[in-house]
Amino acid sequence: LLESAVRSRAEWRAAREQLGLSPDIPAALSTAEDPAADATEATEPGLSEPPLSKRPRRQSNPIAPVDAEPAAAVSPATSAGASGAAAPTACSLVWFRTFDIRLADHAPLRAAASAGPVCPCFVWPARRGTWSLGGAAQAWLREALRSLAGGLREHYSSRLVLRAPSGGGDASDEYLAAAAAASSKVAVPRGADCAAAEAEAVTTAAELLRLADESSARAVYWHRSYEPEGQRVEAVVREALRGRGIACVAMAGALLYEPAAVHCPAGWQGGHWGTLMPFLRACERSGPPPTRPTERPVAMQPPCAWPASGALEDLRLAAPPVLSGGSVGRDWSAAMMAGWEVSEAAAARAMEDFVGGGGLAGYEARRSRADEPGAVSRLSAFLRFGQLSPRAL
């Protein structure tokens, strides 16, 4: 059973230890060079941990990002072929999500930058799951991506590669075919069993495969999602990339605590999960407090060849409606966004103003007066789209 189920050397060792058996590794696993499995050993929870019987009762908080460790496992150095000529250095894709649009305290970006050349990318499929962003949220996302692209350009002379795949189902598209085959092997989480979520998973995986080929990427880094539809997308992406020998490095960092580590003991009493303190105490029992946020990478190398990027307008985020006569309607989002500066720097300023300017101290008394300046933090959108790290707050 073990020989048919395990995928990597780390999984074999962990399973044998759990059963109290010899950790000898089968020849099929011990001789294979599997960079994807190596990355899994370094990053996926549970594979590199000691057996349950030997773990301390208070485990380390899994929110702490791993910077250099996974990069060392998946970064292929420039190599020479049989002719002695140096092959191009493989790069890493950093797959930005809708909840981590920042440069500071971004574990995947730091890890990829320490490994070698980096190609930052964002994929917005035409068809998305039930819980995808609505119009107002899309307007914020559009401006957040604009700001992120500007930050990459300013600090690193880099780019944000944008892709908006249509997912039209072209049978001759090898990437879509590979993604569909990967999807058929992945179990569907509860809450992610709709056709739209399936289409999002397949088209996203296909586009990341395409980007990996176009940029000669040998690893893809990203922040983990926790919603069922996001987990479905990641599972298909991981299966498709590993099928091509591309390492996958999924990292914590979108939340203060990993949900899987937060639990209540049997017979727990003391409130319900709708109140703050029982949940907070359970989080605190899961491990040490979250570590301090990290700065943005000091430097970042570009890939040897940049893949083509679509324009921000191609994503059709909060796009004005097309009227029956074919003309374009009013841009309804302009007035709403005029009241905000959507940037990572603005998020940091808003946090400092609220915490240091008396807003936090007076919040309990003034929280119902959102019409008064400084009564509430105005940080929710920055946190939702990841322009402000939860650890920074």
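Where is Thr-98 found? In this predicted model, local features need pLDDT of at least 70 and side-chain atom pairs count only at pLDDT 80 or more, while totals for chains, interfaces and linings use all residues. Residues are numbered from 1 along each chain as its sequence is written, and side-chain values use heavy atoms, with hydrogens and water left out.

**View A. Thr-98 sits in the loop between strand 1 (91-96) and helix 6.** Helices (H or I, at least four residues) and strands (E, at least two) are DSSP runs, numbered from the N terminus. Thr-98 counts as buried because its relative accessibility is 18% (buried is under 20% relative accessible area, exposed over 50%, partly exposed in between; 1.4 Å probe, protein chains only). Leaving aside residues up to four places away in sequence, Thr-98 touches Phe-122, Trp-124, Leu-133, Leu-141, Arg-384 and Phe-385 (contact means heavy atoms within 4.5 Å).

**View B. Helix 6 (residues 107-115) has several buried residues.** They include Ala-107, Pro-108 and Leu-109, along with Ala-111, Ala-112 and Ala-113.

**View C. Helix 8 (residues 174-183) crosses helix 10 (residues 228-243) at roughly 115°.** Their axes come within 8 Å (axes are lines fitted to C-alpha atoms, for helices over the stretch in contact, and angles run from 0 to 180 degrees between N-to-C directions). From helix 8, Ala-179, Ala-182 and Ser-183 meet Arg-232, Val-236, Glu-239 and Ala-240 of helix 10.

**View D. Leu-383 lies in helix 15 (residues 380-384).** Leu-383 counts as partly exposed because its relative accessibility is 31%.
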